[in-house]
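The exercises below are to be worked through with the sequence and the structure side by side. Each opens with a task and is followed by a solution in steps.

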Protein chains: 2
Amino acid sequence: MVKCALCVHLIYSDIVQRSREELKAIRETNPGLKPTLAIIQVCLCIGLNVMQICLPRQCTEEEVSDAILRLNEDSRVYGIFLHLPQSFLSKSVRNAIKPQKDMFVAVVICQHVVRSSRRWIQEQQYQPWRLHPLKLQPLSPVPSDIEISRAQTPKPISQLAQEVGLLPEELEAYGNTKAKVHLSLLNRLQHQPNGKYVLVAGITPTPLGEGKSTVTIGLVQALSAHLKLNSFACLRQPSQGPTFGVKGGAAGGGYAQVIPMEEFNLHLTGDIHAITAANNLVAAAIDARILHEATQSDKALYSRLVPSVNGVRCFSPIQMARLQRLGINKSDPSDLTPEEVRAFVRLDLDPEKVTWQRVIDTNDRFLRKITVGQANTEKGNARQTQFDIAVASEIMAILALTDGLADMRARLGRMVVGSSRNGQPITADDLGVTGALAVLMKDAIKPTLMQTLEGTPVFVHAGPFANIAHGNSSVLADKLALKLVGEEGFVVTEAGFGADIGMEKFFNIKCRTSGLKPDVVVLVATVRALKMHGGGPNVTAGVPLPKEYISENLQLVADGCSNLKKQIQIAHLFGVPVVVALNAFKTDTQAEIDLVCRIAEASGASAAVQCHHWSRGGRGSVELAQAVKKVASQKNYFQFLYNLQDSVVEKIRTIAQKVYGADDIELSPEAQAKIDYYNQQGFGALPICMAKTHLSLSHMPEKKGVPTGFILPIRDIRASIGAGFIYPLVGTMSTMPGLPTRPCFYDIDLDPVTEEIKGLF
Amino acid sequence: MVKCALCVHLIYSDIVQRSREELKAIRETNPGLKPTLAIIQVCLCIGLNVMQICLPRQCTEEEVSDAILRLNEDSRVYGIFLHLPQSFLSKSVRNAIKPQKDMFVAVVICQHVVRSSRRWIQEQQYQPWRLHPLKLQPLSPVPSDIEISRAQTPKPISQLAQEVGLLPEELEAYGNTKAKVHLSLLNRLQHQPNGKYVLVAGITPTPLGEGKSTVTIGLVQALSAHLKLNSFACLRQPSQGPTFGVKGGAAGGGYAQVIPMEEFNLHLTGDIHAITAANNLVAAAIDARILHEATQSDKALYSRLVPSVNGVRCFSPIQMARLQRLGINKSDPSDLTPEEVRAFVRLDLDPEKVTWQRVIDTNDRFLRKITVGQANTEKGNARQTQFDIAVASEIMAILALTDGLADMRARLGRMVVGSSRNGQPITADDLGVTGALAVLMKDAIKPTLMQTLEGTPVFVHAGPFANIAHGNSSVLADKLALKLVGEEGFVVTEAGFGADIGMEKFFNIKCRTSGLKPDVVVLVATVRALKMHGGGPNVTAGVPLPKEYISENLQLVADGCSNLKKQIQIAHLFGVPVVVALNAFKTDTQAEIDLVCRIAEASGASAAVQCHHWSRGGRGSVELAQAVKKVASQKNYFQFLYNLQDSVVEKIRTIAQKVYGADDIELSPEAQAKIDYYNQQGFGALPICMAKTHLSLSHMPEKKGVPTGFILPIRDIRASIGAGFIYPLVGTMSTMPGLPTRPCFYDIDLDPVTEEIKGLF
């Protein structure tokens with residue numbers, strides 16, 4: 001009997017086939033390499049999970065060989081490292097570790113492991129990518145977006161993935177121009193320091209457009225393809241509704257685009273479709289449950305919910321979870337009292353208080369208010385409800401905020417879909433649907449890799465509605481990108497709407513959830529939008545622009561810069577430096593440009609530069625990229641605007657006063673009642689996600705510039721418990737766009753011979 | 001000046017990068033090969049489009065060199081073959097064809113082209129695939145479907161594709177286990193003879209299940225992996241609704257499955273999601289149009305539908321098409337008279353006569369009858385309508401029947417969505433939405449390649465609802481598969497419901513559309529299902545099976561074989577031989593099995609064999625495969641049951657009497673009125689797609705066996721003009737399933753660590 005200190009490292013793999021072959025190949029082609037070192041390095045490189053299991057310090061030889069034999073039989077175990085004194089290698093242990101089932105078993109000396117791991121970590125430090133940018137030869141006048149997109153041949157997505165350091169096992173191609181990236185990457189690069197984190201936000205939007213997406217894409221094109229700095233853009237997936245409605249696509253524009261733009265704007269890799277399916281499964285489960293409870297006795301419900309299968313009745317795991325929430329600690333279905341059965345089988349959802357809506361990724365205005373359940377088979381259980389556009393689903397907000405499968409599953413289960421007749425919140429978990437939702441969303445959780453016109457990498461992932469959610473792309477895409485670019489690299493992401501909404505939510509909600517710290521805000525403005533904030537006339541689609549917008553008018557520009565100044569100040573509230581990006585139009589005069597830059601810098605912006613990516617690609621925004629690089633290297637003092645422990649009212653007031661410039665807030669009785677209810681349910685410590693018009697700093701869309709002297713009315717308050725925020729409603733938010741008389745689709749077509757798409761923009 | 005006969009072949013490619021490299025590699029590694037031959041063969045092999053352009057027979061040397069130089073500048077031109085007399089190779093022509101921009105230019109002598117093409121075609125003849133089947137080691141007792149699926153590691157889909165003769169350029173991977181296949185394959189293999197075409201159909205379904213899908217998969221596993229014959233299964237994509245409702249998945253079962261079964265049963269490659277998006281865009285366009293017409297003057301509508309863009313007004317191509325249908329031969333918007341404007345801008349859809357429904361891929365019974373448009377913004381235009389399950393969309397029926405992009409686009413445009421107040425049919429083209437639909441469906445038209453448990457190929461494509469459509473997988477998948485297997489190979493496809501419905505529609509609708517000729521029908525039966533047709537008692541889910549089904553009862557079997565006999569006779573009506581596949585259950589006795597086989601053969605079946613793929617994989621169905629192989633080599637005399645030129649009533653009567661065994665049909669006044677209307681609109685020559693219960697040969701679901709002496713009532717008649725059939729309604733067809741009290745989703749879950757899915761079946 002030998003007493004020994006013993007440590008076993010297990011390697012788990014679900015990509016056994018390939019990895020085994022790679023290991024073999026590497027061992028065979030590197031005869032000089034010690035097998036142990038080769039294996040360790042290779043395993044780490046190919047991203048296998050290495051798990052350490054320590055056996056008791058004092059154990060017998062027999063126990064050790066038994067343990068090894070047991071591990072040999074676990075089909076998921078791919079290799080074993082034993083750390084144990086040389087002296088311990090008795091015959092029975094040696095026998096046990098004889099390779100079986102093609103497994104590699106290695107006995108290594110601890111120092112070797114430490115040394116090789118250290119070397120491996122050093123190799124993980126920042127290295128410039130060997131990126132091969134695509135050449136761009138901009139034409140003048142600038143052709144249509146789809147023409148520019150089509151004229152460029154994208155790199156095979158597998159090539160781009162390799163260039164930015166992804167391993168083949170981490171990629172799931174969807175055709176040749178899109179690929180999903182596995183979250184296991186986060187594990188492989190966990191010791192890699194993050195890159196710089198840049199947020200693109202805007203002044204208060206006007207109908208003239210500011211171009212945040214094009215700035216985001218133009219900036220990474222400049223950083224990657226021209227300054228040769230690793231950089232990633234992280235974008236939202238656009239809803240397909242507006243693509244066929246009014247707005248058109250959202251892949252950027254001109255020579256700053258994601259390509260192929262039709263792939264970006266259409267189904268992409270199916271994430272929004274998955275959200276729609278998951279969201280509507282919850283909705284179908286709610287109404288079916290209301291019907292079944294209304295038409296069955298407790299006993300009938302119980303015998304159907306917990307049926308006898310081959311003579312055996314048992315609760316499923318999700319039913320056990322509900323029993324626990326009800327405080328019933330029983331696991332045998334025959335043990336429940338009639339009262340307990342009743343509590344278990346009846347969610348007793350109040351049809352008037354169902355807050356869950358169905359969704360659809362189409363601009364279908366006729367679904368804004370509907371009555372469902374009017375068929376005879378639904379036995380008089382009709383009720384009024386509505387469809388929202390798919391991106392307004394709470395599941396989209398969850399996708400954007402989650403940090404992994406386990407967290408997503410937990411959030412999906414916590415989603416509150418309504419309340420019972422006695423006022424208790426009813427969740428997706430109570431409906432028994434959590435696991436199915438996670439299964440429907442298992443691929444959607446992986447971000448999609450695409451590329452810009454210049455062949456630089458882009459993640460497209462999540463796109464929550466900015467009206468009632470936080471309007472930012474996903475935490476997971478940002479995290480993956482920050483690891484891939486490495487310490488000296490840049491990740492550029494975009495916030496929806498103006499900085500007062502998108503940026504505020506980015507900081508207070510998204511960064512709070514992710515733990516990531518932003519380094520720079522790029523604030524986008526245009527001369528013509530500033531003129532509108534300065535009091536310029538309204539514009540109408542289809543009518544030529546008023547002369548104020550196409551000839552020099554320094555007074556309007558100067559007045560409109562009030563809005564720019566205010567947005568800069570908002571960023572500074574959070575301690576983050578600002579670079580102003582003035583998106584060039586050919587009607588801008590030099591005097592106007594100089595004026596904006598002067599005011600921006602006087603207002604505290606670290607830099608203000610004009611940029612020309614729309615007409616010239618990344619080369620046109622090199623100056624912006626240099627400014628961002630310089631400012632990102634400065635120390636910053638990021639802080640949240642409020643503490644979660646502040647009262648709900650206090651949190652809302654802080655945002656209203658400090659960000660919007662309101663004198664105070666005014667709560668409706670409904671809003672006050674909701675706050676009391678949420679506090680009572682324990683939801684009071686969630687962050688706040690304001691649902692306010694984006695067209696003004698105030699709640700009045702027509703008030704441009706910097707409105708003052710107003711009281712912000714809080715009409716009602718809702719909560720997305722799964723996503724994890726409370727959203728006060730300031731005015732009425734439409735969650736379903738409509739189609740105009742002549743939707744975009746009139747011009748969209750497909751050439752059946754060349755397969756070329758026309759009319760997308 | 002040289003006069004000459006001249007012919008130029010252009011090679012277009014959108015995969016320039018890869019093909020160029022391959023060409024170079026092949027030229028470099030085959031120095032003995034004449035470059036011209038190498039290029040031709042390689043171009044054909046890698047599936048480039050070779051386009052022939054003939055210049056005028058008499059042209060000057062200058063014109064020739066100019067033409068060549070122009071072609072050199074077209075970035076899509078990848079190579080040029082000139083066919084011209086040697087004498088014609090003057091210096092200026094030689095100069096013009098100097099390789100530029102990495103292009104290969106070859107001057108070849110015609111005989112070479114002919115000779116090498118002939119050799120290439122010879123090489124395209126049937127060759128057994130170099131398929132590497134996956135080994136199967138069936139366990140007993142048979143584990144759950146998901147456990148069996150998970151225990152097998154699928155081949156990388158790119159490897160399978162290569163094994164069955166697909167080129168890398170023809171594949172679009174969606175992850176590592178699914179890939180879409182390009183339709184260009186049909187062009188590349190156009191001279192390849194088709195393989196044998198096998199249809200799997202069933203006796204009239206019972207709640208006990210017959211297992212058509214498992215037979216389909218077990219049969220190809222036996223043919224490919226055991227008899228070493230090239231063979232493909234072509235399956236329908238299942239709706240996701242039932243996966244989470246009652247039915248569970250549809251990937252086969254036991255050891256005859258498509259893997260990974262969770263990929264098959266969930267989003268797959270997004271085709272159903274694309275159909276949902278396209279279908280609902282039409283619906284949104286309909287209601288929005290009704291609203292806009294109701295609230296605007298002719299002038300306002302016209303100025304919005306044909307707006308002035310930069311001072312220019314013009315009709316879009318789809319608007320020009322509408323003008324032509326209206327008989328207005330004008331192209332300048334300012335030329336229309338007020339009456340013409342009115343005719344153009346007003347579809348004047350009658351809200352009561354909109355036949356287009358919204359769809360959703362969820363079992364949501366509360367959407368069976370709904371009222372939409374109740375929000376104030378819809379200004380009182382509320383109307384009653386419904387959602388169908390997504391696979392019931394006419395667009396799904398079109399996907400299943402189309403033969404390419406151009407045909408699909410045309411069918412989408414022809415879809416009738418309702419009628420105007422004066423009774424004219426209104427189409428998707430009138431709504432201006434055709435091109436957008438084609439764009440949404442551009443990827444869905446490509447079949448998805450997957451594999452069976454034994455690593456043999458499967459196409460999954462389309463799955464139209466068998467109640468109101470034809471319930472068969474796609475024509476395109478069958479066509480691709482028939483080319484890939486080659487002359488001696490087999491394609492096995494499945495028809496929904498019993499042979500009286502699925503098979504009849506397969507022959508009369510699908511084969512008529514595709515022009516393909518079936519070689520064998522495999523008719524699936526089970527002993528227990530036959531017992532039910534023989535008068536066995538009803539069964540109830542969750543209650544043990546009555547003793548009749550688990551112990552020998554020859555009388556019930558003998559009586560039930562009436563249904564089997566009738567279905568064999570139906571196949572013979574079409575001139576196609578039948579092999580009966582008796583799907584084995586462990587309770588079957590040898591006497592029962594012998595009895596069924598005896599009766600089947602006495603009824604005219606060419607063979608009748610028991611099969612065991614469920615418990616033993618392909619090896620368990622080798623006997624069936626051998627029988628199918630033998631019967632397929634016999635000559636057959638396939639014919640349709642009716643001529644399209646027969647009257648609608650005559651066609652319906654033929655099906656009712658010859659297939660169902662009815663004495664006659666009885667038309668309701670509504671049905672008669674519809675027939676008159678369709679005849680007047682010129683739709684009378686379409687085939688008939690009966691919407692009848694699948695649970696009986698008659699219209700009365702409770703009548704098992706072979707009902708006689710009944711009159712088939714035709715309640716109403718509808719038409720899917722885009723898909724191209726008329727569907728008489730026999731009774732009420734539900735087009736939206738519901739969720740039961742305890743849906744499947746209670747047991748479905750995802751392990752967040754291993755990412756393994758549980759509870760799918």
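A salt bridge is taken here as a side-chain nitrogen of Lys or Arg within 4 Å of a carboxyl oxygen of Asp or Glu. The model is predicted.

**Exercise 1.** Decide whether the side chains of B:Arg365 and A:Glu378 meet in a salt bridge, and state how many such bridges are counted between chain A and chain B.

*Solution.* Begin with the distance from N to O, which is 2.6 Å for B:Arg365 and A:Glu378. The cut-off is 4 Å, so the pair qualifies as a salt bridge. Then turn to the whole interface, where the count between chain A and chain B is ten salt bridges. Helix α12 (residues 271-295) of chain A gives the most to the side of chain A that touches chain B, namely twelve residues, and the residues of that side divide into 38 nonpolar, 22 polar and 21 charged.

**Exercise 2.** Describe the extent of the interface between chain A and chain B.

*Solution.* Start from the contacts, in which 81 residues of chain A meet 81 residues of chain B. Next take the area: the two chains bury about 7200 Å² between them, with 64% of it on carbon and sulfur atoms. Finally, A:Phe366, A:Thr741 and A:Tyr746 supply 12% of the area that chain A buries against chain B, more than any other three residues.

**Exercise 3.** Which relation superposes chain A on chain B?

*Solution.* The superposition takes a rotation of 180 degrees with 0.0 Å of shift along its axis, at an RMSD of 0.1 Å. This is therefore the relation of a two-fold axis. In chain A, the C-alpha nearest that axis belongs to A:Tyr174, 2.1 Å from it. The same surface serves both copies, since 99% of the contact residues of chain A recur in chain B.

Key: Residues are numbered from 1 along each chain as its sequence is written. Chains are lettered from A and ligands numbered from 1 in the order in which they are written. This is a predicted model: local features need pLDDT of at least 70, side-chain atom pairs count only at pLDDT 80 or more; totals for chains, interfaces and linings use all residues. Side-chain values use heavy atoms; hydrogens and water are left out. Contact means heavy atoms within 4.5 Å. Buried area is the accessible area (1.4 Å probe) that two parts lose on being put together, summed over both. Helices (H or I, at least four residues) and strands (E, at least two) are DSSP runs, numbered from the N terminus. Ala, Val, Leu, Ile, Met, Phe, Trp, Tyr, Cys and Pro count as nonpolar, Asp, Glu, Lys and Arg as charged, and the others, Gly among them, as polar. Copies are superposed by least squares on the C-alpha atoms of residues with pLDDT of at least 70 in both.
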